[in-house]
Amino acid sequence: MTLLGERRDTERRSTLGRRAAISTLLPAALVAISHGTNSPDGQAAIAALVSAVSLARPDLAVTGGFVDVQQPDVAASLGAVRPDCAAVVVPLLLSAGYHVHVDLQRETREHDRVTAVSRALGPDDRLIDVLVQRLLADGFDKRGPGQEIVLAAAGSSDARAVHDCRTVGALLEQRLGVRVTVGFLSAATPRLACAVTGARLRSANVTVSTYLMAPGFFFDLTRSQSVGADLVTAPLLVPGESAPVPLVDLVLDRYLEARERAGLF
């Protein structure tokens, strides 16, 4: 006689075995999950990044989805992956806050598929590459007198995400040799408006470097809270432009790293 608990254990082991076997059949799909936005420009910019990732790896199944605001959501995005394929979720998020540590972990655990979740995109030197590209494209000149940069970040109640943003600010300062302070748009301090005011009191030229993935609510807030700045740069992704190569490479590297860590193929 098989006891109920024993049967459940047997079923659970059988399910895990089937999932593990499935993961070896095909390369794990890359499921790129962004925050989501109501902005058509932001939607187009994110879609262009996902498309660029797919074009860079035509051998790899790449699909996109959203953790908030837009559809398909995480569950639907995972459900769209071929049933005989594992999935690696790559958050198209610049720092690891609640969405990465809680939402995505919960959503992937609840789905009947072998899954892994990668690290957030930042901090990473390739994000500094793109920030510098945006600064130069928008007219920043570090040779000008009295330069200071304020890095505009979304902010989070998660201290780990705030630390990630401060690390990016330090990396940008190191790269350019120009003072960089960080200002947050929500949940953390100093708020961007206060950071810009402080920079203006210290420096003759103040530039706000936008540390956001794409246009949307937070970019509108960046512009409104940057009164007193001489320049506000575009986000990392701009609609109508090709996604920056360093950003495409970063997404793919996060996928490969998570796939290897999870023992997927």
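Contact here means heavy atoms within 4.5 Å, and the legends below describe close-up views of a predicted model.

View 1. Arg261 is found in helix α9, and apart from its neighbours within four places in sequence, the residue is in contact with Val117 and Ser118. The C-alpha atoms of Arg261 and Val117 are separated by 10.0 Å, although the two residues are 144 residues apart along the chain. Because its relative accessibility is 54%, and exposed means over 50%, Arg261 counts as exposed.

**View 2. An open sheet of four parallel strands.** The strands of this open sheet follow the order β2-β1-β3-β4, and their pairing is parallel. The edges are taken by β2 (62–66) and β4 (115–117), each of which has a single partner strand, so one side of each is left without a neighbour in the sheet. On average, and with direction ignored, neighbouring strands of this sheet are turned by 25 degrees against each other. Strand β3 (residues 87–91) is joined to β4 by three bridges, and these two strands run parallel; within this pair, Ala87 stands opposite Thr115 in β4.

**View 3. Two helices packed on the sheet.** Helix α2 (residues 40–56) packs on the sheet by touching β1 (29–34) and β2, and its direction makes about 155 degrees with that of β2. Helix α9 (residues 245–261) also packs on the sheet, where it touches β1, β3 and β4, with its direction at about 135 degrees to that of β3.

View 4. Together with α2 and β2, strand β1 makes a right-handed β-α-β unit.

**View 5. The contact of α2 with α9.** In general, two packed helices are described by the angle between their axes and the distance between the axes. For α2 and α9, the packing angle is about 70 degrees and the axes are 9 Å apart. Since angles of 65 to 115 degrees count as roughly perpendicular, the two helices α2 and α9 are therefore roughly perpendicular to each other. In this contact, Leu49, Ala52, Val53 and Ala56 in α2 meet Leu247, Val248, Val251 and Leu252 in α9, and the residues of the contact divide into eight nonpolar, no polar and no charged.

View 6. Strand β7 (residues 205–211) is mostly covered, with six of its seven residues buried. Seven bridges join β7 to strand β5 (residues 147–153), and the two run parallel; Thr207 in β7 is the bridge partner of Ile149. Strand β8 (residues 231–232) is joined to β7 by two bridges, again with the strands running parallel, and Val232 in β8 is the bridge partner of Val208. A right-handed β-α-β unit is made by β7, helix α8 (residues 217–224) and β8.

**View 7. Cis peptide bonds in two loops.** The peptide bond from Gly122 to Pro123 is cis, with omega near -5 degrees, and the place of Pro123 is in the loop between β4 and α5 (125–137). A cis peptide bond also joins Thr189 and Pro190, where omega is about 0 degrees; Pro190 lies in the loop between β6 (179–184) and α7 (192–202).

View 8. Val69 is not a glycine, yet the residue has a positive phi of about 70 degrees; its place is in the loop between β2 and α3 (74–79), and with a relative accessible area of 43% Val69 is partly exposed. Ala187, likewise not a glycine, has a positive phi of about 70 degrees and lies in the loop between β6 and α7. At 48% relative accessibility, Ala187 counts as partly exposed.

Note on methods. Residues are numbered from 1 along each chain as its sequence is written. This is a predicted model: local features need pLDDT of at least 70, side-chain atom pairs count only at pLDDT 80 or more; totals for chains, interfaces and linings use all residues. Side-chain values use heavy atoms; hydrogens and water are left out. Two strands pair if DSSP finds at least two bridges between them. Axes are lines fitted to C-alpha atoms, for helices over the stretch in contact, and angles run from 0 to 180 degrees between N-to-C directions. A crossover is right-handed if, with the strands pointing away from the viewer, the path from the first strand over the helix to the second runs clockwise. Angles under 35 degrees count as roughly parallel, over 145 as roughly antiparallel, 65 to 115 as roughly perpendicular and the rest as oblique. Ala, Val, Leu, Ile, Met, Phe, Trp, Tyr, Cys and Pro count as nonpolar, Asp, Glu, Lys and Arg as charged, and the others, Gly among them, as polar. Buried means under 20% relative accessible area, exposed over 50%, partly exposed in between (1.4 Å probe, protein chains only).
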